[in-house]
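Take a moment to turn the model around before reading on. We'll walk through it together, from the overall build down to a few single residues.

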Amino acid sequence: MSNKDKRIVILTEFELKNTLSRLANAILEKTININNLLLVGIPTRGVNIAEVLESEIFFKTGVNVTRGIIDPTLYRDDQNRVRTRLIKATEIPTSIENKEIVLIDDVIFTGRTIRAAIDALYSWGRPRKIMLLVLVDRGHRELPIQPDFCGKIVKTSKTQSINLRLQTIDGEEGIFLEG
């Protein structure tokens with residue numbers, strides 16, 4: 001039995017598109033000044049989600065919001081326990097002072113990546129507000145961090161994984177529970 005046979009579909013391609021549209025609406029409802037909004041994706045898939053949300057917000061409002069990337073790898077407190085990957089360049093195209101930031105990741109698990117990303121952001125300045133958007137909350141938090149915007153809550157075991165697949169990268173689109 002292959003890995004694809006052991007997968008459970010959490011969101012189909014159609015459901016994923018609808019979820020991203022709904023999350024874009026939620027951001028717009030909670031943002032005080034859209035011109036002060038900064039979408040910041042966490043590599044790798046958070047960067048892709050930020051791009052889609054940027055497009056959705058433009059489609060809904062006609063406003064081009066600013067988008068950036070923050071790589072929290074060097075700010076992690078568990079670097080010796082997690083698998084290493086190539087560090088992606090942090091790109092913050094504007095001052096974050098007094099910005100309303102939406103920090104974006106695909107899945108929240110322990111909360112450690114988000115804590116590290118927040119620490120990394122503060123090395124760039126002091127935003128007015130940081131909100132967290134994730135596509136999937138799978139529980140098992142080790143830190144008291146909760147998303148402001150969440151596509152779906154899925155209870156998992158610690159050994160399972162949730163994977164966002166994107167057509168442009170993976171040749172298929174959706175969110176899958178594996179393991």
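This is a predicted model: local features need pLDDT of at least 70, side-chain atom pairs count only at pLDDT 80 or more; totals for chains, interfaces and linings use all residues.

Residues are numbered from 1 along each chain as its sequence is written, and side-chain values use heavy atoms, with hydrogens and water left out.

Let's begin with the big picture. The protein has four helices and eight strands; here helices (H or I, at least four residues) and strands (E, at least two) are DSSP runs, numbered from the N terminus. Read from the N terminus, the elements go β-α-β-α-β-β-α-β-β-β-α-β. The radius of gyration is 16 Å, close to the 16 Å that the globule rule gives for 179 residues, so the protein is as compact as a globular protein of that length. (That radius is taken over C-alpha atoms, and the globule rule is 2.2 Å times the number of residues to the power 0.38.) Along the principal axes, the C-alpha atoms fill a box of roughly 50 × 40 × 25 Å.

How much of the chain is tucked away? Buried residues account for 47% of the 179 residues, where buried means under 20% relative accessible area, exposed means over 50%, and partly exposed is in between (1.4 Å probe, protein chains only). Contacts, meaning heavy atoms within 4.5 Å, tell another part of the story. Among contacts between residues at least 6 apart in sequence, 68% join residues at least 24 apart.

Now look at helix 1 (residues 13–30) and helix 2 (residues 45–61), which pack at an angle of about 65 degrees with their axes 9 Å apart. The axes are lines fitted to C-alpha atoms, for helices over the stretch in contact, and angles run from 0 to 180 degrees between N-to-C directions. Helix 1 and helix 2 are therefore roughly perpendicular to each other, given that angles under 35 degrees count as roughly parallel, over 145 as roughly antiparallel, 65 to 115 as roughly perpendicular and the rest as oblique. Where do they touch? Leu20, Ser21, Leu23, Ala24, Asn25, Ile27 and Leu28 on helix 1 meet Ile49, Val52, Leu53, Glu56, Ile57, Lys60 and Thr61 on helix 2. Sorted by class, that contact holds nine nonpolar, three polar and two charged residues. In this sorting Ala, Val, Leu, Ile, Met, Phe, Trp, Tyr, Cys and Pro count as nonpolar, Asp, Glu, Lys and Arg as charged, and the others, Gly among them, as polar.

Thr19 sits in helix 1 and counts as buried at 7% relative accessibility. Setting aside neighbours within four places in sequence, Thr19 is in contact with Leu11, Leu135 and Gly151. Phe149, in strand 6 (residues 149–153), is buried as well, at 4% relative accessibility.

Next, helix 3 (residues 112–122). Its buried residues are Arg112, Ile114, Ala116, Ala117, Ala120 and Leu121, and what covers them includes strand 2 (37–41), strand 4 (100–108) and strand 5 (129–137). Strand 5 also holds Lys129, which is partly exposed, with a relative accessible area of 28%. Beyond its neighbours within four places in sequence, Lys129 is in contact with Lys30, Lys99, Glu100 and Ile101.

Most residues other than glycine have a negative phi, and most peptide bonds are trans. The peptide bond from Pro43 to Thr44, however, is cis, with omega near 5 degrees; Thr44 is in the loop between strand 2 and helix 2. Asn98 has a positive phi of about 60 degrees without being a glycine, and is found in the loop between strand 3 (66–69) and strand 4. His140, also not a glycine, has a positive phi of about 65 degrees and belongs to the loop between strand 5 and strand 6.
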